[in-house]
Amino acid sequence: MASFSVSGAASDLQRRHLMHCWGVQGTYDPIPVERTEGCWIYTTDGRRIFDLRSAHECINLGFRHPKVLAAMRAQMESVVYVTDDFATAPTARLAQRLAELAPGGPNKRVWFGQSGAAAIEAAIKGARQYQYRRMIERGVANLDPARQYPYPYKIITRYRSWHGATAGAASAGGDPRRWFQEPAVMPGVKHGPEVYCYRCPLHQTYPSCDLACAAYIDRMIELEGGADKVAAVLIEPVVGSNGILVPPPGYLPRLREICDRWGVLLIADETMTGMGRTGKLFAIEHWDVEPDILVMGKALGAYCPLSATIFSEKVASAFDDMVFGHGQSYAGHALACAAGLASLEVLEEENLLARTADLGAYLGRRLHALAEHHPSVGEVRGLGLFWTLELVRDRSTKAPFRRPTEKYAPSPVRAVARYLLDRHNIYVPADKFGLWIVPPLVVTRAELDAVVEALDDALHLADAETEAGGHCGE
Ligand SMILES: Cc1ncc(COP(=O)(O)O)c(C=O)c1O
């Protein structure tokens, strides 16, 4: 075997040998990094780049928070990982903390994985197994052959959503990335209308719509066979990668009421919104709704891959005498759980939830003011430190620069993102609908001001396209 040697710059090696996520490999061009600190990435060629997407929402506490690093170092000296046939303090305590902190009674059970997608798979399987058991408990009348295959297996999700890239999770999402999974999709997923008031799929206006998009889900459950066929409704309380869509008041309570009426479970995917991103530990708390299953990931483990599927007592207790049909190597990783536990402590000690709410309100005001003199900004949306500027080709018609079928086409959004990186050292991956403004929660007000000023400058590129009638170029 040839001896192991590293030659060449990291960026060259990665360009040659790393499979870049969701990218065309031939144009992959990673920026070589020397170190990271707070909201900043320092490159080997002396640049200091502000991460306006918190490393895809993983780094809520900023890079290298000393308390989390210290907890990780200490944990590495004792146990890094053992299987869950053994008990370790960080795994046990994090499960207990999450069971207490997630909405609803404290007797929950938590499954730990390493990605949001794995946690979604656990949630879907858990929901189906729970409903299977309930079907058996309802008795033989329920096995009436006229009902034909009475097992409740369907999962209702929404078009504008993303739940991860593994087969089941990708099938559940409505994002165009699910097309890569087709036709080998997981059976049983039904996509309903998104809650997207700026572009209501039902052509209604809030509040006169009386939440028609929630009523549509009610209708879907009925037409899909009610509790005999539908296991769960799976939603992101605030949709992330499909547009940072904040639901209007009443929407999530209405969904909860609909699910209860049918005996269908409500699964909240807080992979992106958990760990304080919206100014509450969990976004769903803004609407006082208790999901039956809550999914976390990304920032939960701070610098370690860690996700959690939190089962309410109602669901968890169904498994007291039934096998939980899910598992994974490294589940309940002690080092990752120690990082997660320390992260929760930092959120509390540094009062980061209230700080996020305050700073987020300030940021929102600044973004709304900015939008007034940029014709390319169609809508400003957000909550806490989770904001977007949706950029449009035409403000009056709301015509987008790219339609969903053009997801990988060039657009002025990408040009604005490139300009922010090149001219202002601000990293924000361009997305299909607009610009993400999702800084680490430890961001300062001065840093936010600098970001808003940079956006003010960079938006001229999109404005020019809008004013010229919106030719879609770069
Ligand atoms: C809401 C939501 N759920 C699930 C996932 C999947 O998480 P992961 O990439 O860790 O598998 C994502 C990823 O972006 C997400 O935003």
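Predicted model: local features only at pLDDT ≥ 70, side-chain atom pairs only at ≥ 80, totals over all residues.
**Strand 10**

Select residues 307-311, which form strand 10. The strand is mostly covered, with 5 of its 5 residues buried. Now show side chains. Ser307, Thr309 and Phe311 point one way, while Ala308 and Ile310 point the other way. In a regular strand, side chains alternate between the two faces of the sheet. Here the residues on both sides are buried.

**Its partners**

To find one of them, pick glycine 113, whose bridge partner in strand 10 is serine 307.

Valine 295 has threonine 309 as its bridge partner in strand 10.

**The ligand**

Select the ligand and its surroundings. The shell has 14 residues, and the closest are Ser115, Gly116, Ala117, Gly164 and Thr271. Helix 5 (residues 116-138) gives the largest share, 3 residues. Color the shell by class: 8 residues are polar, 4 nonpolar and 2 charged.

**Helix 10**

Move to residues 334-349, helix 10. Its 16 residues reach 22 Å from first C-alpha to last, close to the 22 Å expected at 1.5 Å a residue. Helix 10 is mostly covered: 12 of its 16 residues are buried. Among them are Ala334, Leu335, Cys337, Val346 and Leu347.

What covers these buried residues? Show helix 3 (66-76), helix 4 (89-101), strand 4 and helix 11 (352-372), which are included in the cover.

Finish just after helix 10, at asparagine 351, where phi is positive, about 50°.

Notes. Residues numbered from 1 in each chain as written. Buried ≥ 20, exposed ≤ 12 C-beta atoms within 10 Å, placed from the backbone. Helix = DSSP H or I, 4+ residues; strand = E, 2+ residues; numbered from the N terminus. Pairing = 2+ DSSP bridges. Near = placed C-beta within 6 Å. Nonpolar A, V, L, I, M, F, W, Y, C, P; charged D, E, K, R; others polar. Expected span 1.5 Å × (residues − 1). Contact = placed C-beta atoms within 7 Å.
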